[in-house]
Amino acid sequence: MDRDRQHKTKKRKISKPQREDEAEPSAAPSLSDLVASIKKNTQTQTQATAAAGSGRPGGVKGKGDGDVKKRKKQSSGDSDEEASGENAGAGDDGVDEEEEEESKSFKELEIIDQLCETLETLKFHKPTPIQQASIPLALAGKDLIGLAETGSGKTAAFALPILQALYHSPHSTLFACILAPTRELAFQISEQTEAIGGSLGVKTCVIVGGMDMMPQAIALSKRPHIIVATPGRLLDHLENTKGFSLRSLKYLVMDEADRLLDLDFGPIIEKILKVLPPQRNTYLFSATMTDKVERLQRMSLTNPVRVAVSSKYQTVKSLLQYFMLIPQKDKDTYLVYLVAEKFAGKTMIIFTRTIMDAQRISVLLRLLGCSAIPLHGQLSQTGRLGALNKFKAGSRNILVATDVAARGLDIPTVDYVINYDIAGDSKTYIHRVGRTARAGRSGVCVNLVTQYDIEEFTRIEKALGKKLDALEVEKGEVSLLAESVGEAQRQAIKEVKEWQEKKKEKGAGRKMRTGRRDNMDKEEI
Amino acid sequence: MTFSALLDSFGGANKPPKPPKSSSSSLSYREEPSQKRRRLNAAVSGILVETTNNDNDQDRSSTPPLSDNTKNPIFYKSHFNLDDAPKSSRAPSTIIHPVLGKVTISNPQLLQECSPNGSGTTQSDQNVTYQSLLSRYVRSYADVAIANSAGADREAFRRMVCSHALTHILTTRQTVLKNSARLAKRSSDDGDDIKIGRDQGFTRPKVLFILPTRNSCYDVVNYMVRLADGYDCENKQRFNEEYGPGTDKPFADTKPDDFKSFFRGNSDDMFRIGVKLTRRTVKLFSKFYHSDIILASPLGLRSVISSAAKGGGDADFLSSIEVLYLDSADALQMQNWDHVESILASMNQMPKNAHDCDFSRVRNWYLSGDAAAFRQTLVSTAFLFPEVNSLLSNHSKNYSGLIKFHDVYPGVLSPYIPQVFTKIQSTNPAHDPDARFEYFTKMVVPFWNNVGTLDKGGLLVFSSSYLDSIRLRNYFNKIGQSFGDINEYTSASDVARSRAHFSSGRYKILIYTERAHYFRRYSLKGVQNVFLYSMPGNEIYYQELVGLLRESISEGKSQLEESKVRALFTPWDALKVERIVGSAGYDEMKKDGNESVDFEFP
């Protein structure tokens, strides 16, 4: 725990000082610990968030390497911002970092001119953060662990170093192998790689299931430079296609490793790894760090450097984001006002920070005649799926969720996202609002900001790079609801307590919300 | 000028002392076996040398037995060791070559390379024989088609192909074995083995012989076994039983020689056999995928391939054929040309299954699907016909080009029997039968009625097509004319009856098809007039038909003045007519314009 905490705080290091200066000292350790103990059961949720933020609890080794790197950087006299830019791990200091990144071009990342030209024609003018962070390390010959989402430009992040290496040893064939979890992704990667490497005349070959073996065997025997494959079919060829081996392989990329492992490719990848030459560079990309991914990492990488970048700058244009500055005590009332009056009848997701709140608010809303359903980590898997299905099918139009719902789950179009509790960090925030305004549709996100949340909220605003508008409401209308809400609150607390006892949980009922916002990070440590 | 004549004038008659280099290539086939045997032994010892001490990569030229015969490996290398097929210029031109006679060449380079003055041969002109040049073309992996009416010359060509095929297999195998040994050594040393020679195709079979009869297969295999001296022959007993001549009774003396030589022995046209060359043995009846040579009749091979279409078998064993030999294309045409076409169409396709193929050693041009451009197609035929020409132009994709040897025809017209050839205009080969039939009903039959030919009897109506003969049969039925009908499907008793009635004069007309004549060669009695509804493809048949007429005249059954040969032809029959009237005569005939024209001979 201590070790982990250290790493976590290291990540926070840059922002910590100013926080301690400005932020209210309300985040009392005792309270945080209390909350942490309650949240123990929401491991998945918090882990996910943590991973998105930067490192995550498990990756001690990798993290350590990353930090070593960072420390070196810092000691070598670079500014703090630059260091974080290189390592790109520090979740919340994005703005400075971004400014720093803006000034770098592909050329400055020591990408050769041929590739730069192609990138220019492909309209890739600036490296994305993940490219910015990983390319120099990759060019230096390091193994990489990349924590990045799809769409963050990571194909180019691994393709560029490989292509550049290929440029310097033009006669090598079967040079790199990229493993992807799905056939579609494999084709996509192949297309992108060929587009970027077009000027070098790079030949790629897609080896996926569901196609004839024979043409693939022929394609392989033409010795392409880069193979993009799904693991199953690649192993099939390694075992059954005579004369095909990957003994000359120099680069292995495992893209979306978490998904690869989710799809039970683990044993297959192990077999593939056995026949690959040990002298190779390996890049592992994953959206999240799970135990399985970590195992894979230990199995396949040597002295890897961790590169983590959040895609925090991306919110969709069609998303309207508002905040409401409200007193803490009236939080429920305002929420009910939004749900039952202002946005009545629309599909929406309300995000809370704790399971207790999720449970309580769903009961509260139900008591007030809204069809709300909770979704959080203390539900069984079937319960979760049931809740989700009811919401998807439209029999419930309000989902009250902890951050478990903010990622990974495929939730259909949602009109509104209400952050009952402010997101713990910008990454989580992006994931939450990403539930709405999907696929080109518009969406609205409303943040309920209490007097205690202001500091946190401004940090999110800073990360987003813009100021949100205040959502105007008629205070009179809200106060009309106060009485009925107060009554329902009491009833809801009672019900939640009963539910808790039934669950034989030792939680102490309704929590004070103050100070909780920091606990999230604390717990991740 | 025939092949033999050429051979005599250049090779046989004034046989000069040959320099050693050309002696191996100038293929006078009587002495050839021993020479070939020597060469094959050399190649074999070469293999053994290579496999045992394979570390000397460059020692090929220093192995003495091979050095006197380096030509083939050189040709082999220059033909096959390319990554991509170069584009061949495809502008066929026909020329008269001083040595080769009339040839059609698709790639002008071919002529230069092998011309007497070219860089390829160093001898002076008179030492370069037709045979040696032909052999040179064959061994340079160019496509070669020879049309030659002399059976002995085709036999010589066949032998030339046999030895070429064997040499090709041994050379390829030598390379493969050498590389395998080198690979084995590498992998045992555990060094990096990225540089592997690409030396093979998808599947093992390299040579395909399409032969008309079991007997021809028997001849070819025996010849190759004889060439492969020092090899044991497995399954020879079984081969003799299934392909050998057996105890067939000899043909009647009346049958012509070409018929006897073709149908002698086992004339079954449904067979296929794989031949595999191992280190010390020639194994007959090996499985196709383990064979080096496949010998088959069109029907026998087609039955394997077409069951592939239904999902049963497959044609993958044809994917890596590098030398294809079509023997006696004229006979194959008489069997079923469709089979030949379909076999050619399924040659050198991408295989559907891997068949345990080592892809790292498959040549690049196989992988890129250019195999057809490297395949050598060799065709021998007694005469050229439109189907074989179309086959060559569609399926001969060899980048080295195609050389087609034409025969020069003196003509087989009878000097004293009146022969009238009528040219019918037909703009489209598809409309040809209709134009012919129309002319026949509107012009010929009324003329016959006027002159009384039909009443006189003894009219032999010959058709080269079975379908035309059916049309004629229906027509005669319609006009109520008594006639006999002999075609390839007629039963023996019907044939006997028709012949008897025709010769007795009870049947005034006898319809006779070319294919019936090809398979039976009946000597028909009582012929007083010959009408060629369409020309026979083989000019010998024309001679024979006219001979029937001549016979009845000499027997006094018919008068010379009243007997006549009349023939219809269209511009599409050009090749057939040329063979009958002679190359020079036909040049005159083809000039005339749009009208129907009669040409009278003599």
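**Exercise 1.** In which hand of crossing does α13(B) pass α16(B)?

*Solution.* This is a predicted model, in which local features need pLDDT of at least 70 and side-chain atom pairs count only at pLDDT 80 or more, while totals for chains, interfaces and linings use all residues. Residues are numbered from 1 along each chain as its sequence is written, and chains are lettered from A and ligands numbered from 1 in the order in which they are written.

Step 1. Helices (H or I, at least four residues) and strands (E, at least two) are DSSP runs, numbered from the N terminus. Helix α13 of chain B covers residues 329-345 and helix α16 of chain B residues 386-395; they pack at about 30°, with axes 10 Å apart. Axes are lines fitted to C-alpha atoms, for helices over the stretch in contact, and angles run from 0 to 180 degrees between N-to-C directions.

Step 2. α13(B) is therefore roughly parallel to α16(B), a term for angles under 35 degrees.

Step 3. The crossing is left-handed (the near helix is turned anticlockwise from the far one by less than a right angle).

**Exercise 2.** Find the strand order of the sheet in chain B and its edge strands.

*Solution.* Step 1. The 11 strands form an open sheet of mixed pairing, ordered β1-β2-β11-β3-β10-β9-β4-β8-β6-β7-β5 (chain B). Two strands pair if DSSP finds at least two bridges between them.

Step 2. β1 (93-97) and β5 (232-234) of chain B each pair on one side only, as edge strands.

**Exercise 3.** Describe the surroundings of β8(B).

*Solution.* Step 1. Strand β8 (residues 293-296) of chain B runs antiparallel to β6 (residues 272-277) of chain B, with four bridges; R272(B) stands opposite A296(B).

Step 2. With β4(B), the pairing of β8(B) is parallel, again over four bridges, and L208(B) stands opposite I294(B).

Step 3. On one side of β8(B) I293(B) and L295(B) are buried, and on the other I294(B) and A296(B) (buried: 20 or more other C-beta atoms, placed from the backbone, within 10 Å of the residue's own).

Notes
Buried ≥ 20, exposed ≤ 12 C-beta atoms within 10 Å, placed from the backbone. Parallel < 35°, antiparallel > 145°, perpendicular 65-115°, else oblique.
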